[in-house]
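This report describes one protein structure for a reader who has not seen it before. Please keep the sequence and the model in view while reading.

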Amino acid sequence: MIKQIDFETISPIWKKYLWPDKKEILPMSNMRYKDIPYTEISNIYEPTYFAYYIDDKIVGVNSGHQSSRFHYRSRGLYVDPQFRKQGIGTLLLAYVCTLGKANGMVYCWSLPRKSALNTYLRAGFEQTSDFSPTETSENNCHVRIDL
């Protein structure tokens, strides 16, 4: 079951499992899709955080936020290794897309690691760039799905 959570609940999971070497994890990123020029967006849009629960245990998390007037971003997808290959990541991505569509967005995008790309592809995202390093991984690529 997917439930909305807050930043205080998701941030320790991100810090421990997704971005352990990152000095500071902010509630949202100002990153934009591909070549869209950078602008400060953290003071304009509000992120939503959510988790997939089995019984009372969080086994997966993700978040979403607008990154421009018509674009929505999926950020911080993580599924506990014991619960992978069960469709939880796909459900979390479908949920973020539902949020984007409900808010009138044109597409949803993300910047997954190579190791997570298949989950995004199964959820209907399309790879739209080659792999390149980011501050948190050696192999990331852009993905996008029209809403």
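Strands β1 and β2 pair in the antiparallel sense over four bridges. Two strands are said to pair if DSSP finds at least two bridges between them. Strands here are DSSP runs of E with at least two residues, helices are DSSP runs of H or I with at least four residues, and both are numbered from the N terminus. Within this pairing, Ile-2 has Tyr-52 in β2 as its bridge partner. Tyr-52 in turn has Gly-60 in β3 as a bridge partner.

Strand β2 (residues 48–54) and strand β3 (residues 57–66) run antiparallel and are joined by seven bridges. Ala-51 stands opposite Val-61 in β3. Six of the seven residues of β2 are buried, so the strand is mostly covered; buried means under 20% relative accessible area, exposed over 50%, and partly exposed in between, with a 1.4 Å probe and protein chains only.

## Basis of the model

This is a predicted model, in which local features need pLDDT of at least 70 and side-chain atom pairs count only at pLDDT 80 or more, while totals for chains, interfaces and linings use all residues. Residues are numbered from 1 along each chain as its sequence is written, and side-chain values use heavy atoms, with hydrogens and water left out.

## Overall layout

The protein chain has three helices and seven strands. From the N terminus on, the order of its elements is β-α-β-β-β-α-β-α-β-β. The radius of gyration is 14 Å, close to the 15 Å that the globule rule gives for 147 residues, so the chain is as compact as a globular protein of that length. That radius is taken over C-alpha atoms, and the globule rule is 2.2 Å times the number of residues to the power 0.38. Along its principal axes, the C-alpha trace spans about 40 × 30 × 30 Å.

Buried residues make up 48% of the 147 residues in the protein chain. Of the contacts with a separation of 6 or more, 58% are between residues 24 or more positions apart; contact means heavy atoms within 4.5 Å. The accessible surface of the chain comes to about 8,200 Å², and 49% of it belongs to carbon and sulfur atoms. Accessible areas come from the Shrake-Rupley method with a 1.4 Å probe, and for residues only the protein chains shown count as cover.

## The sheet

Strands of a sheet pair through backbone hydrogen bonds, either parallel or antiparallel. In this chain, an open sheet of seven strands has the order β1-β2-β3-β4-β5-β7-β6, with mixed pairing. At its edges stand β1 (2–5) and β6 (126–127), each with a single partner strand, so one side of each is left without a neighbour in the sheet.

Strands β4 and β5 pair in the parallel sense over three bridges. Here the bridge partner of His-71 is Tyr-107 in β5. From β5 (residues 107–110), Tyr-107 and Trp-109 point one way and Cys-108 and Ser-110 the other way, and all are buried.

Most residues other than glycine have a negative phi. In the hairpin of β2 and β3, with two residues between the strands, Asp-55 takes a positive phi near 55°. Asp-55 counts as exposed because its relative accessibility is 72%.

Lys-85 also is not a glycine and has a positive phi of about 70°. Lys-85 is found in the loop between β4 (71–79) and α2 (88–102). With 81% relative accessibility, Lys-85 counts as exposed.

Gly-60 lies in strand β3. It counts as buried because its relative accessibility is 1%. Leaving out residues up to four places away in sequence, Gly-60 touches Phe-50, Ala-51, Tyr-52, Tyr-78, Val-79 and Leu-92. Gly-60 and Thr-134 are 74 residues apart in sequence, and their C-alpha atoms are 23 Å apart in space.

Leu-77 is found in strand β4, and at 14% relative accessibility Leu-77 counts as buried. The C-alpha atoms of Leu-77 and Arg-32 are separated by 17 Å, and the two residues are 45 residues apart along the chain.
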